[in-house]
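Please brief me on this protein model.

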Amino acid sequence: MTFAARLISLFLLSLLAACGSAERFAVSPPVIGDTLRIGFSSVEVKDVSLPSYAASDEISIRGADGTLTSSSDVLWADAPDRAIALELSQNLARLTNRRVASEPWPFEEFPDARLEIRFSELVATSSGTFETSGQYFVAVADGRRERSGLFALNVAFDPKGGPNAIAQARGQLILDLARYIARNGLK
(Lines give C-alpha, C1' and ligand atoms only; values in the text may rest on other atoms or scores of the structure.)
Protein backbone atom coordinates (compact mmCIF):
# COMPACT_ATOMS: atom_id res chain seq x y z
CA MET A 1 0.00 0.00 0.00
CA THR A 2 1.46 3.39 -0.96
CA PHE A 3 1.89 6.13 1.60
CA ALA A 4 -0.86 8.22 -0.04
CA ALA A 5 -3.27 5.27 -0.02
CA ARG A 6 -2.53 4.65 3.66
CA LEU A 7 -3.21 8.31 4.41
CA ILE A 8 -6.56 8.18 2.60
CA SER A 9 -7.52 4.96 4.39
CA LEU A 10 -6.49 6.38 7.77
CA PHE A 11 -8.41 9.59 7.05
CA LEU A 12 -11.56 7.68 6.14
CA LEU A 13 -11.17 5.40 9.15
CA SER A 14 -10.63 8.41 11.42
CA LEU A 15 -13.80 9.95 10.00
CA LEU A 16 -15.62 6.77 10.91
CA ALA A 17 -14.00 6.49 14.36
CA ALA A 18 -14.45 10.18 15.17
CA CYS A 19 -18.09 9.52 15.75
CA GLY A 20 -17.33 8.40 19.34
CA SER A 21 -20.13 6.12 20.37
CA ALA A 22 -21.82 4.01 17.75
CA GLU A 23 -23.76 6.02 15.23
CA ARG A 24 -26.16 4.49 12.73
CA PHE A 25 -26.55 5.71 9.18
CA ALA A 26 -29.74 5.22 7.20
CA VAL A 27 -30.00 4.96 3.44
CA SER A 28 -32.55 7.42 2.07
CA PRO A 29 -34.37 6.43 -1.10
CA PRO A 30 -33.18 8.39 -4.13
CA VAL A 31 -35.66 10.27 -6.28
CA ILE A 32 -37.14 8.23 -9.14
CA GLY A 33 -38.38 10.18 -12.13
CA ASP A 34 -38.79 7.44 -14.70
CA THR A 35 -40.84 4.28 -15.10
CA LEU A 36 -39.93 1.01 -16.76
CA ARG A 37 -42.13 -1.68 -18.28
CA ILE A 38 -41.55 -5.26 -17.18
CA GLY A 39 -43.11 -8.54 -18.28
CA PHE A 40 -44.59 -9.46 -14.88
CA SER A 41 -47.46 -8.01 -12.86
CA SER A 42 -45.96 -9.18 -9.54
CA VAL A 43 -42.41 -9.94 -8.39
CA GLU A 44 -41.08 -11.30 -5.11
CA VAL A 45 -37.57 -10.31 -4.08
CA LYS A 46 -36.97 -13.72 -2.57
CA ASP A 47 -33.40 -13.71 -1.36
CA VAL A 48 -30.51 -11.30 -1.14
CA SER A 49 -27.18 -12.96 -0.40
CA LEU A 50 -24.34 -10.67 0.72
CA PRO A 51 -20.65 -11.26 1.41
CA SER A 52 -20.00 -11.45 5.16
CA TYR A 53 -18.39 -8.00 5.36
CA ALA A 54 -21.39 -6.44 3.57
CA ALA A 55 -23.88 -8.33 5.76
CA SER A 56 -22.27 -6.86 8.88
CA ASP A 57 -23.79 -3.87 10.62
CA GLU A 58 -20.41 -2.11 10.36
CA ILE A 59 -19.81 0.09 7.33
CA SER A 60 -16.71 -1.25 5.54
CA ILE A 61 -14.28 0.62 3.30
CA ARG A 62 -11.88 -1.10 0.91
CA GLY A 63 -8.46 0.52 0.62
CA ALA A 64 -6.36 0.69 -2.53
CA ASP A 65 -4.56 -2.52 -1.53
CA GLY A 66 -7.86 -4.38 -1.05
CA THR A 67 -7.85 -4.31 2.75
CA LEU A 68 -11.30 -3.87 4.30
CA THR A 69 -11.55 -1.61 7.34
CA SER A 70 -14.55 -0.91 9.52
CA SER A 71 -15.38 0.41 12.95
CA SER A 72 -17.95 -0.76 15.48
CA ASP A 73 -18.65 2.95 16.02
CA VAL A 74 -20.12 3.42 12.51
CA LEU A 75 -23.07 1.18 11.68
CA TRP A 76 -25.84 0.80 9.13
CA ALA A 77 -29.23 1.77 10.57
CA ASP A 78 -30.78 -1.56 9.53
CA ALA A 79 -29.49 -5.08 8.95
CA PRO A 80 -27.96 -4.86 5.44
CA ASP A 81 -29.56 -8.02 3.99
CA ARG A 82 -33.04 -6.93 5.14
CA ALA A 83 -32.48 -3.29 4.14
CA ILE A 84 -31.14 -4.09 0.67
CA ALA A 85 -34.01 -6.50 -0.04
CA LEU A 86 -36.47 -3.77 0.98
CA GLU A 87 -34.64 -1.11 -1.03
CA LEU A 88 -34.65 -3.33 -4.12
CA SER A 89 -38.33 -4.24 -3.81
CA GLN A 90 -39.40 -0.64 -3.14
CA ASN A 91 -37.26 0.68 -6.00
CA LEU A 92 -38.65 -1.95 -8.38
CA ALA A 93 -42.21 -1.16 -7.27
CA ARG A 94 -41.69 2.59 -7.79
CA LEU A 95 -39.91 2.07 -11.13
CA THR A 96 -42.44 -0.36 -12.60
CA ASN A 97 -45.74 0.47 -10.87
CA ARG A 98 -46.12 -3.29 -10.32
CA ARG A 99 -46.78 -5.31 -7.18
CA VAL A 100 -43.30 -6.01 -5.80
CA ALA A 101 -42.47 -7.15 -2.26
CA SER A 102 -39.58 -8.74 -0.47
CA GLU A 103 -39.76 -12.16 1.15
CA PRO A 104 -41.97 -13.34 2.80
CA TRP A 105 -44.58 -12.72 0.07
CA PRO A 106 -47.48 -10.93 1.80
CA PHE A 107 -50.27 -11.71 -0.69
CA GLU A 108 -52.56 -14.74 -1.12
CA GLU A 109 -51.96 -14.99 -4.87
CA PHE A 110 -48.44 -16.13 -5.69
CA PRO A 111 -46.11 -13.76 -7.60
CA ASP A 112 -45.54 -14.11 -11.34
CA ALA A 113 -41.77 -14.14 -10.78
CA ARG A 114 -39.29 -14.58 -7.96
CA LEU A 115 -36.02 -12.63 -7.94
CA GLU A 116 -32.92 -13.84 -6.13
CA ILE A 117 -29.72 -11.78 -5.98
CA ARG A 118 -26.29 -13.02 -4.98
CA PHE A 119 -23.78 -10.25 -4.41
CA SER A 120 -20.12 -11.11 -4.78
CA GLU A 121 -19.13 -7.55 -3.91
CA LEU A 122 -20.86 -4.59 -2.26
CA VAL A 123 -18.34 -2.14 -0.85
CA ALA A 124 -17.34 1.52 -0.64
CA THR A 125 -13.76 2.27 -1.62
CA SER A 126 -11.29 4.79 -0.21
CA SER A 127 -11.01 6.29 -3.72
CA GLY A 128 -14.68 7.34 -3.68
CA THR A 129 -16.70 4.68 -5.47
CA PHE A 130 -19.33 2.32 -4.13
CA GLU A 131 -19.05 -0.89 -6.12
CA THR A 132 -21.19 -3.97 -6.56
CA SER A 133 -21.09 -7.11 -8.64
CA GLY A 134 -22.87 -10.41 -8.60
CA GLN A 135 -25.61 -12.41 -10.26
CA TYR A 136 -29.41 -12.26 -10.34
CA PHE A 137 -31.88 -15.08 -11.00
CA VAL A 138 -35.52 -14.78 -12.10
CA ALA A 139 -37.65 -17.87 -11.43
CA VAL A 140 -41.00 -18.15 -13.20
CA ALA A 141 -43.65 -20.77 -12.33
CA ASP A 142 -45.94 -20.49 -15.37
CA GLY A 143 -43.59 -22.01 -17.94
CA ARG A 144 -42.17 -18.75 -19.30
CA ARG A 145 -38.43 -18.45 -19.76
CA GLU A 146 -36.44 -18.28 -16.55
CA ARG A 147 -33.34 -16.14 -16.70
CA SER A 148 -30.21 -15.02 -14.94
CA GLY A 149 -27.54 -12.43 -15.50
CA LEU A 150 -24.39 -10.88 -14.13
CA PHE A 151 -24.07 -7.30 -12.94
CA ALA A 152 -21.19 -4.96 -12.12
CA LEU A 153 -22.09 -1.37 -11.21
CA ASN A 154 -20.54 1.54 -9.33
CA VAL A 155 -21.46 4.99 -8.09
CA ALA A 156 -19.05 7.81 -7.23
CA PHE A 157 -19.16 9.63 -3.89
CA ASP A 158 -17.01 12.20 -2.09
CA PRO A 159 -14.90 10.35 0.50
CA LYS A 160 -14.74 13.55 2.56
CA GLY A 161 -18.52 13.20 3.08
CA GLY A 162 -17.94 10.25 5.43
CA PRO A 163 -20.64 7.71 6.28
CA ASN A 164 -23.51 9.92 5.05
CA ALA A 165 -21.94 10.07 1.58
CA ILE A 166 -21.41 6.30 1.65
CA ALA A 167 -25.07 5.74 2.64
CA GLN A 168 -26.28 8.06 -0.14
CA ALA A 169 -24.07 6.24 -2.66
CA ARG A 170 -25.42 2.84 -1.56
CA GLY A 171 -28.97 4.11 -2.03
CA GLN A 172 -28.17 5.23 -5.58
CA LEU A 173 -26.31 2.00 -6.34
CA ILE A 174 -29.26 -0.18 -5.26
CA LEU A 175 -31.60 1.98 -7.38
CA ASP A 176 -29.24 1.55 -10.35
CA LEU A 177 -29.25 -2.20 -9.72
CA ALA A 178 -33.08 -2.23 -9.64
CA ARG A 179 -33.12 -0.42 -13.02
CA TYR A 180 -30.57 -2.86 -14.43
CA ILE A 181 -32.55 -5.90 -13.32
CA ALA A 182 -35.85 -4.42 -14.55
CA ARG A 183 -34.34 -3.79 -18.01
CA ASN A 184 -32.36 -7.01 -18.32
CA GLY A 185 -34.05 -9.63 -16.15
CA LEU A 186 -37.73 -8.77 -15.84
CA LYS A 187 -38.65 -8.12 -19.51
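Contact here means heavy atoms within 4.5 Å. By that rule, and leaving aside neighbours within four places in sequence, D47 is in contact with E103, L115, E116 and I117. This is a predicted model: local features need pLDDT of at least 70, side-chain atom pairs count only at pLDDT 80 or more, and totals for chains, interfaces and linings use all residues. Residues are numbered from 1 along each chain as its sequence is written, and side-chain values use heavy atoms, with hydrogens and water left out.

**Fold and surface**

- The protein chain has four helices and nine strands. Helices (H or I, at least four residues) and strands (E, at least two) are DSSP runs, numbered from the N terminus.
- Along the sequence, the pattern reads α-β-β-α-β-β-β-α-β-β-β-β-α.
- The protein chain has 187 residues, and 48% of them count as buried. Buried means under 20% relative accessible area, exposed means over 50%, and partly exposed lies in between (1.4 Å probe, protein chains only).
- Accessible areas come from the Shrake-Rupley method with a 1.4 Å probe; for residues, only the protein chains shown count as cover.
- Take the contacts in the protein chain between residues at least 6 apart in sequence: 70% of them join residues at least 24 apart.

**Salt bridges**

- The structure holds ten salt bridges. The criterion is a side-chain nitrogen of Lys or Arg within 4 Å of a carboxyl oxygen of Asp or Glu.
- As background, side chains of opposite charge can pair when their charged atoms come close.
- K46 and E103 form one of these bridges, at 3.0 Å from N to O. The pair links distant parts of the chain, 57 residues apart: K46 sits in strand β2 (residues 42-49), and E103 in the loop between β6 (99-102) and β7 (113-125).
- K46 counts as partly exposed because its relative accessibility is 30%. E103 falls in the partly exposed class because its value is 40%.
- R82 and D78 also meet through their side chains, with an N to O distance of 2.4 Å. R82 has a relative accessible area of 47%, so it is partly exposed. D78, at 29%, counts as partly exposed.
- E116 pairs with R118, and their closest N and O atoms are 2.8 Å apart. E116 has 22% relative accessibility and is therefore partly exposed. R118 is partly exposed at 42%.

**Positive patch**

- R37, R98, R183 and K187 form a positive surface patch. Patch residues have over 30% relative accessible area and no salt bridge; like charges are joined within 9 Å, and nonpolar side chains (Val, Leu, Ile, Met, Phe, Trp, Tyr) within 5 Å.
- Lys and Arg count as positive and Asp and Glu as negative, while His and the chain ends are not counted. Each charge is placed at NZ of Lys, CZ of Arg, CG of Asp or CD of Glu.
- R183 lies in helix α4 (residues 162-184). Its relative accessibility is 45%, so R183 counts as partly exposed.

**Backbone features**

- Most residues other than glycine have a negative phi, and most peptide bonds are trans.
- The bond joining E103 and P104 is a cis peptide bond, with omega about 0°. P104 is found in the loop between β6 and β7.
- N97 is not a glycine, yet it has a positive phi of about 55°. N97 belongs to the loop between α3 (80-96) and β6. N97 is exposed because its relative accessible area is 60%.

**Pairs distant in sequence**

- D47 is located in strand β2. It is partly exposed, with a relative accessible area of 33%.
- D47 and E116 are 69 residues apart in sequence, but 4.8 Å apart in space, C-alpha to C-alpha.
- Q90 is part of helix α3. At 44% relative accessibility, Q90 is partly exposed.
- Q90 and A178 are 88 residues apart in sequence and 9.2 Å apart in space, C-alpha to C-alpha.
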